[in-house]
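I set out to record what I looked up in this structure, entry by entry. The notes below follow the order in which I consulted it.

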Amino acid sequence: AIPGVYTFSMSDSYGDGWQGSHIKVTVDGVVTYYGIPSPYDSDAERNSILEPFTGNDSSGDATLTIPEGAKTMSFEWVSGDWPSECSYKIIYTKLDGSNEQTAQSESNPANGEKVLSICQ
């Protein structure tokens, strides 16, 4: 694992949230989910798993801090409905706020684990 602050900068081209699509992050066996909540009542259950999000139905951000001492991390895209509308960037900064960089950027992501590119 690489300690730091990971900001998920997300957008939906149609403007109705990700409808179940999300980024699944596992750090030392603890799983969290990041995505744009859907405004539809039918997606309430899928929205309930998402970490706090700041934004609207079209775009916004969420953050994850991986602390010093963490051993493992993985990032995975999981498609819901209409993944072709989804795009995101994962922006990495060191815990002290320095060294900001884009570690991953995708539009219409394919399912599966993602390899982040982080220069320390």
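Predicted model: local features only at pLDDT ≥ 70, side-chain atom pairs only at ≥ 80, totals over all residues.

Entry 1, cavities. I took a cavity to be a set of points, on a 1 Å grid over the protein atoms alone, where a 1.4 Å probe fits but cannot get out. Residues are numbered from 1 along each chain as its sequence is written, and side-chain values use heavy atoms, with hydrogens and water left out.

I then listed the lining, that is, residues with an atom within 4 Å of a point. Among the lining residues of the largest cavity are Trp18, His22, Ile36, Arg46 and Leu50. The lining comprises 5 nonpolar, 6 polar and 1 charged residues. Here Ala, Val, Leu, Ile, Met, Phe, Trp, Tyr, Cys and Pro count as nonpolar, Asp, Glu, Lys and Arg as charged, and the others, Gly among them, as polar.

Entry 2, the sheet. I looked up the strands, which are DSSP runs (E, at least two residues) numbered from the N terminus; two of them pair if DSSP finds at least two bridges between them. I found an open sheet of 4 strands in the order S3-S2-S6-S9, with antiparallel pairing. Strand S3 (30-34) and strand S9 (112-114) each have a single partner strand, so one side of each lacks a neighbour in the sheet. From one strand to the next the twist averages 30°, taken between axes that are lines fitted to C-alpha atoms, with angles from 0 to 180 degrees between N-to-C directions.

I counted 6 bridges between S2 (residues 22-27) and S6 (residues 73-78); Ile23 has Trp77 as its bridge partner in S6. With S3, S2 pairs over 5 bridges, and Val25 stands opposite Thr32. S2 and S3 form a hairpin with 2 residues between them, where Asp28 in the turn has a positive phi of about 50°.

Beyond its neighbours within four places in sequence, Met73 has contacts (heavy atoms within 4.5 Å) including Tyr6, Thr26 and Ile118.

Key: 1 Å grid on protein atoms, 1.4 Å probe; cavity = no way out; pocket = protein on both sides within 12 Å on 5 of 7 lines; lining within 4 Å.
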